[in-house]
Amino acid sequence: MLKYFNIIQALSRSALTTPNEAIMHQIKRLKESLEKDGFIKEAKSLEAMLSTSESSFNMAPSKIQKSFVVLKGEELTIKTSIPVDKETSTPLAEVFFPDNLPEAAPVFDENIQLAIQSIVNEWSKFDQLMEINATPASSCLIYGAPGTGKTHLAKWIAKQIGLPVVLARLEGLMSSYLGTTSRNIGNLFTFSNRYKCILLLDEFDAIAKLRNDPQEVGEVKRVVNTLLQSLDSRHEKGFTIGVTNHESLLDPAIWRRFDIQVEIPKPSPEVMIQLLKKFITPLEFNESEIKFLAWCLDGSSGADAEMLSKWLKRAFVLEKESNIVDVMKQFALLNSGRVNVAKRNIMLHSDEDFIAMLLNDKTYLFKQKDIASLFGMTPSSLSKQLSKFKDSEKI
Ligand SMILES: Nc1ncnc2c1ncn2[C@@H]1O[C@H](COP(=O)(O)OP(=O)(O)OP(=O)(O)O)[C@@H](O)[C@H]1O
Ligand SMILES: [Mg+2]
């Protein structure tokens with residue numbers, strides 16, 4: 001498998017949503033080069049994309065107009081009854097209508113935004129694709145570290161497509177009674193296939209956990225088979241999104257069933273800064289303060305940024321704190337899992353080392369004046385302090 005092919009594929013898909021001859025020519029060249037180098041699967045995938053857009057490109061322009069998803073199936077309403085687990089009567093899913101889905105786009109690096117946009121674009125042209133006997137990708141697996149916005153992303157995609165979400169937590173479908181899990185999965189898919197909806201399988205790895213129990217080998221096989229058949233049954237019925245934190249635990253056959261696989265990484269420093277700005281409103285912090293907060297949260301998730309923002313609101317508004325460095329020392333003390341251990345030790349150990357570490361940071365490039373204002377000093381008192389540190393090092 002070519003290392004960056006998923007990005008290439010997303011780029012091509014995105015470019016082909018508004019095809020023109022130049023774009024098609026370049027993608028054709030790419031396809032031919034891949035073919036020559038033996039990447040047959042990858043070349044085939046580009047070829048399929050090209051033939052879809054070639055036909056749509058050749059259609060009369062009057063026929064091509066942006067329109068809403070026209071899926072077959074019944075309309076889901078608040079009155080629709082949701083299937084339940086027969087033993088416990090627990091509902092097998094929760095339904096979210098577009099009004100209850102998140103409006104705000106999640107924040108990711110540009111390449112991920114592009115890839116996601118291409119999925120949404122395909123679905124918003126669903127009927128055009130159907131007219132030419134093509135279908136958009138029908139399933140997507142979103143995976144990555146905890147708290148990186150995967151569930152939020154899945155719901156936001158559904159909001160963009162404009163269909164209700166049938167949200168199933170696989171954990172909830174699992175039953176201790178032999179055979180019931182498979183029956184629950186079957187019922188859930190029958191329900192989702194009947195209605196126009198997006199099926200969201202959150203915490204998808206739950207099934208894989210079963211595999212650790214040697215007593216359950218036969219049952220796991222049955223569950224995995226049911227899931228495979230069920231996923232196949234959804235083709236051309238509606239979009240299915242699987243979400244997992246533990247992609248390595250998934251059965252390779254399940255993994256292959258997903259047309260698209262998107263990895264959501266931990267936020268980069270730039271994304272962390274954007275996330276903090278978003279979550280922190282209406283509080284206002286200047287650029288160096290935001291950079292400092294992002295520095296403290298390096299390697300953490302978007303959920304951690306949201307949590308820190310709540311902490312800051314409490315500290316600055318309710319407890320009338322005024323110094324961001326003191327507040328972050330408190331945060332580091334009480335959130336040991338959210339602040340990198342080396343940073344935390346130095347932050348809590350001495351201001352001298354803390355300042356030196358900030359000044360030497362190669363990612364955020366703090367200037368002396370930024371640091372002076374963070375620590376509530378004037379630039380000249382900071383440089384005096386720094387030269388004192390240097391003098392004491394010489395003694
Ligand atoms: N990149 C992001 N953009 C916007 N919001 C984010 C982002 N990452 C996390 N969040 C916010 O953090 C919270 C947790 O996000 P979410 O539940 O989607 O994460 P997750 O990846 O599904 O986590 P888990 O793996 O624990 O299920 C949500 O309130 C979400 O809005
Ligand atoms: Mg989640």
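Here is a short tour of this predicted model, stop by stop, for your viewer.

**Stop 1: colour by confidence**

Start with the pLDDT colouring. The protein chain has a mean pLDDT of 86, and 91% of its residues reach 70 or more. Now select residues 59-68, where pLDDT stays under 50. For this stretch the model has 15 contacts beyond four places in sequence.

**Stop 2: strand β2**

Next, select residues 139-144, which make up strand β2. How many of its six residues are buried? Six are, and the strand is mostly covered. Show the side chains and look at which way they point: Ser139, Leu141 and Tyr143 go one way, while Cys140, Ile142 and Gly144 go the other. Residues on both sides of β2 are buried.

Strand β5, residues 240-244, runs parallel to β2 and is joined to it by five bridges. Strand β6, residues 260-264, also runs parallel to β2, again with five bridges.

**Stop 3: salt bridges**

Side chains of opposite charge can pair when their charged atoms come close. A search of the whole structure finds 11 salt bridges; three of them are worth a visit, including the one between Glu47 and Lys31, where the closest N and O atoms are 3.5 Å apart. This pair links distant parts of the chain, with Glu47 in helix α3 (residues 40-58) and Lys31 in helix α2 (residues 21-36), 16 residues apart.

Move on to Asp232 and Arg257, whose side chains meet in a salt bridge at 2.8 Å, N to O. Asp232 lies in helix α10 (residues 217-233) and Arg257 in helix α11 (residues 252-257), so the pair ties together parts that are 25 residues apart in sequence.

Finish with Lys277 and Glu287, a salt bridge of 3.1 Å from N to O. Because Lys277 sits in helix α12 (residues 269-280) and Glu287 in helix α13 (residues 287-296), the pair ties together parts 10 residues apart in sequence. Lys277 is partly exposed, with a relative accessible area of 37%.

Notes
Residues are numbered from 1 along each chain as its sequence is written. Chains are lettered from A and ligands numbered from 1 in the order in which they are written. This is a predicted model: local features need pLDDT of at least 70, side-chain atom pairs count only at pLDDT 80 or more; totals for chains, interfaces and linings use all residues. Side-chain values use heavy atoms; hydrogens and water are left out. Buried means under 20% relative accessible area, exposed over 50%, partly exposed in between (1.4 Å probe, protein chains only). Helices (H or I, at least four residues) and strands (E, at least two) are DSSP runs, numbered from the N terminus. Two strands pair if DSSP finds at least two bridges between them. pLDDT is the predictor's confidence in each residue, from 0 to 100. Contact means heavy atoms within 4.5 Å. A salt bridge is a side-chain nitrogen of Lys or Arg within 4 Å of a carboxyl oxygen of Asp or Glu.
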